[in-house]
Amino acid sequence: MDAGAFAKRLLSLTLFLSVFSHVVDSAAQGALLPPGDLPEGPFTGFVSPVTKKGEILVRLQPSAFRIARESLKKRRSVQAPSEHLLLREIARLFGLRTTTAVSGSSFLVSGARVNQTKIQRLKSRGLVSRVEPNYRINAFNDPNDFLYKLGFLWGIKNTGATGGVAGVDIDALDAWNISRGSPDLVVAVIDTGVYLKHPDLAPNIWQNPSEIPNNDIDDDKNGFIDDVNGWDVVDNDNNPNDEMFHGTHCAGIIAAASGNNRGICGVAPQVKVLPLRVLNARGEGDTAGLMKAVRYAIDLRKRGENVRVISASLGGGEYLESFNEILEEADRYGIVFVAAAGNDGKDNDEKPTYPASYAAPNVISVAALDSSGRLASFSNYGATSVDVGAPGVFIWSSFLFGFYLPFDGTSMAAPFVSGAAALVLSERPQLAPSQVISILKRSSKPLPELRGKMVAPGIISAVRALTQR
Ligand SMILES: [Ca+2]
Ligand SMILES: [Ca+2]
Ligand SMILES: [Ca+2]
């Protein structure tokens, strides 16, 4: 092998699609731990999407009414108080802001001063019993997307019905009560391209607002003629259509349209996908191509397009100063770089995998988990070099020609994190990439078997990321 060929091989990129066959394992192992750092109850200041802050439902005991009646008699000489007056007196006496009758002996108590200690004191004095949260309720908004309804999308919602452990998912449905993603937020998918005509993807493909199609003129003067949907770095043309299937699959996991009765739903079903094709029909490319694609994304961001996430389900080669530099520039422009950890079943702490192992503050490295919450056999790991775990085994998503198929790989896990990062940035656009990554790590749901395998041993939770401060 001559030096040129050797260098090319060093720099060659491959996608992180696992070629391992898999068995859908229904053995329920490694149940989810309760979320350890979440405070108990709805009344301690945690902004929960499922319970109303500072509000509880209590059953008031007869003694509470007796004390209030005596107090009113003594204080205001009221002999036969109305229930309304009694409740106001109870609230006054016990330091609660408001007390409203709900039904029978159940009352809604609210106010910032309601806290665990106070409730405990009222309980021990026998004044209240049965303290429960006041839950938020929503219209049932289960996606009607076909493969969701079949229960196949375990990463979105895992009921345990198709194997695996219920709750080992990214809590997408709860997240969607807060955000389904901002339509102007753009996730660049640097991959084999995207099958642009896929009915579940076409509505969410980025459109260049400053480029007139097919006039052979670079209207927006970014150096790329007629780049209406993205760019094909491999063939250096304006058609980033997928000639394999890998990028199409990744794009669907991030942003497939939801509620269209079809196929799948992406993690952030309202954000836009920017297809940048750097891998050919065999899934091969090189670092120079990857750099061109990242450069394209940064330049769009510079001119005001809301490109905030790059999803990179690929890897290969060694550390390059020039690539690290471009990652740092992406960081300065607020772009999170999500990278698959790799599919060698190896420890990235011992032997780094690039780009996942770059130390730039905007890089988050993702391992693949199965539906029972175990590390996938093929997934790379690393106590310090791999950040989080996400679904990556038997993941159904979009395929060429409008089809759908399941695949395995850290390639599939990274897009889940890209989608979650896009949701967080849709809600809180002022966050820096390192803050988004810190939030995704801190809000991940712990899984005991993953200890020592990644920085945040668990599965990411979109809803907890959206509510984490
Ligand atoms: Ca252009
Ligand atoms: Ca043009
Ligand atoms: Ca759909």
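**Labels and their cut-offs**

User: Why is Arg69 called partly exposed?

Analyst: Count the neighbours: Arg69 has 18 C-beta neighbours inside 10 Å. A residue is buried with 20 or more other C-beta atoms within 10 Å of its own, exposed with 12 or fewer, and partly exposed in between, with C-beta atoms placed from the backbone. So 18 puts Arg69 in the partly exposed group. By the way, this is a predicted model, where local features need pLDDT of at least 70, side-chain atom pairs count only at pLDDT 80 or more, and totals for chains, interfaces and linings use all residues. Residues are numbered from 1 along each chain as its sequence is written, while chains are lettered from A and ligands numbered from 1 in the order in which they are written.

User: Where is Arg69, and which residues does Arg69 touch?

Analyst: Arg69 sits in helix H2. Setting aside residues up to four places away in sequence, Arg69 touches Pro81 and Leu86. "Touching" here means that two C-beta atoms, placed from the backbone, lie within 7 Å. Arg69 and Ile90 are 21 residues apart along the chain, and their C-alpha atoms are separated by 9.0 Å.

User: What makes Leu201 count as buried or exposed?

Analyst: Leu201 has 26 C-beta neighbours inside 10 Å, so Leu201 counts as buried. And yet Leu201 is in a loop, the one between S6 and S7. Look at what Leu201 contacts beyond four places in sequence: Val194, Tyr195, Ala251, Gly252, Ala256, Val273 and Ser398. Leu201 and Lys272 are 71 residues apart in sequence, but 9.2 Å apart in space, C-alpha to C-alpha.

User: What about Asn214: buried or exposed?

Analyst: Asn214 has 10 other C-beta atoms within 10 Å, so Asn214 is exposed. Asn214 is in the loop between strand S6 (185-191) and strand S7 (231-232). Its phi is near 55 degrees, a positive value in a residue other than glycine.

User: What makes the bond between Tyr354 and Pro355 stand out?

Analyst: A cis peptide bond joins Tyr354 and Pro355, with omega at about 10 degrees. Most peptide bonds are trans. Pro355 is in the loop between strand S12 (336-340) and strand S13 (363-369).

User: What counts as a nonpolar core, and which residues have the most contacts inside the largest one?

Analyst: A nonpolar core is a set of buried Ala, Val, Leu, Ile, Met, Phe, Trp, Tyr and Cys residues joined through C-beta atoms within 7 Å. The largest has 114 residues, and those with the most contacts inside it are Ala297, Val338, Val366, Val417 and Ala420. H10 gives this core its largest share, eleven residues. Apart from this core lies another, of 16 residues, among them Ala68, Leu87, Leu96 and Phe107.

User: How do H10 and H11 meet?

Analyst: Helix H10 (residues 410-427) and helix H11 (residues 433-442) pack at an angle of about 115 degrees, with their axes 10 Å apart. Axes are lines fitted to C-alpha atoms, for helices over the stretch in contact, and angles run from 0 to 180 degrees between N-to-C directions. From H10 come Val417, Ala420, Ala421, Val424 and Leu425, which meet Val436, Ile439 and Leu440 of H11.

User: How many of those contact residues are nonpolar, polar or charged?

Analyst: Eight are nonpolar, none polar and none charged. Ala, Val, Leu, Ile, Met, Phe, Trp, Tyr, Cys and Pro count as nonpolar, Asp, Glu, Lys and Arg as charged, and the others, Gly among them, as polar.

Definitions and conventions: Helix = DSSP H or I, 4+ residues; strand = E, 2+ residues; numbered from the N terminus.
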